[in-house]
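Colleague: Could you take me through a few residues of this model, with care over the terms as we go?

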Amino acid sequence: MAGILQLCATPIGNLGDMSPRIIECLQNADLIAAEDTRNSLKLLNHFEIHTPMTSYHEHNKVEKAAVLVQQLREGKNIALITDAGTPAISDPGEVLVKMCADEGITVTSLPGPCACITALTLSGLDTRRFVFEGFLPRDKKERNEVLKRLENETRTIILYEAPHHLKGTLADLKENLALGGGRKISLCRELTKKFEEVIRTTIDNAVIKYEEEDPKGEYVLVIEGRSVEDLKAETIAKWESMSIADHVKMYEETGLDRKEAMKKAAKDRGVSKRDIYAALEKDVP
Ligand code: SAM
């Protein structure tokens with residue numbers, strides 16, 4: 001019988017957050033796959049866990065996943081831990097879980113600490129609808145594409161960032177998402193640790209703050225989503241600055257027939273097709 005892959009969440013800064021169920025699972029597993037075995041050894045020793053370990057990290061995540069899947073097929077129960085937090089969230093665990101899912105291997109998750117959810121709950125921003133983007137891409141073109149997509153995001157946005165990249169990321173957020181300076185951001189650092197801090201400010205003020213000091217510790221950035229009402233009003237204002245005839249023409253030029261073009265223009269402007277038809281008949285701008 002095939003074994004099971006068990007995703008074990010580990011503390012993001014406070015050993016007291018290690019759950020008894022996870023300790024038991026790690027003690028009973030046949031093998032622990034860990035992102036950094038030296039780092040995890042300290043944690044495992046602290047909880048008297050002496051299960052054999054193997055490394056599973058960014059640089060071997062594909063080849064090693066195949067090896068682990070084979071061991072799972074042979075009946076080994078494998079526990080996966082990463083440097084901190086919930087495996088498969090912005091770490092190589094994602095690749096292993098995907099491979100197990102494709103190969104029909106059972107995966108179970110023992111929940112626990114996760115930096116993005118901890119930060120969201122502390123942010124003081126809307127928590128009902130949110131989008132987790134992890135780390136922004138380092139490649140400039142890809143990064144700009146993501147930022148462009150996020151500009152009008154109405155859900156709360158969660159990002160991860162390392163201290164040495166924080167200033168650059170805040171500058172990019174200011175350039176692309178600041179909305180004239182007023183967009184709120186909560187910078188959540190050192191979560192669950194002694195010096196846990198949540199800085200609730202605006203993107204512009206966050207940039208100013210870190211002109212004067214160097215960021216310390218790991219950060220989660222939680223950014224306010226755009227107001228749905230503002231976005232709607234802005235979109236309608238944009239269309240209203242264009243004549244109805246030009247609006248319909250714009251869609252016709254994309255290859256749509258007149259009827260479809262009128263339908264789309266009506267939808268954009270929040271009016272009926274009949275209104276568009278009447279305006280075109282009267283040649284109303
Ligand atoms: N899998 C992890 C989780 O469940 O949160 C995340 C792994 S990711 C490689 C590491 C990032 O998580 C850090 O760069 C930081 O953005 C965030 N992070 C982890 N621990 C944190 C903490 N104690 N305080 C703030 N952010 C933290």
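Modeller: This is a predicted model, in which local features need pLDDT of at least 70 and side-chain atom pairs count only at pLDDT 80 or more, while totals for chains, interfaces and linings use all residues. Residues are numbered from 1 along each chain as its sequence is written, and side-chain values use heavy atoms, with hydrogens and water left out.

Colleague: Is Glu-190 buried or exposed?

Modeller: Buried means under 20% relative accessible area, exposed over 50%, and partly exposed in between, with a 1.4 Å probe and protein chains only. Because its relative accessible area is 17%, Glu-190 counts as buried.

Colleague: What is phi of Ser-90 near?

Modeller: Most residues other than glycine have a negative phi. Ser-90, in the loop between strand 4 (78-81) and helix 4 (93-103), is a residue other than glycine with a positive value, near 55°.

Colleague: Which side chain does the side chain of Glu-161 join in a polar contact of 2.6 Å?

Modeller: Glu-161 lies in strand 7 (residues 156-161), where a strand is a DSSP run of E with at least two residues, a helix one of H or I with at least four, both numbered from the N terminus. A polar contact is a pair of N or O atoms within 3.5 Å; within protein, one must be able to donate a hydrogen and the other to accept it, and residues adjacent in sequence count only if both atoms are side-chain atoms. The partner that the side chain of Glu-161 joins at 2.6 Å is Thr-169.
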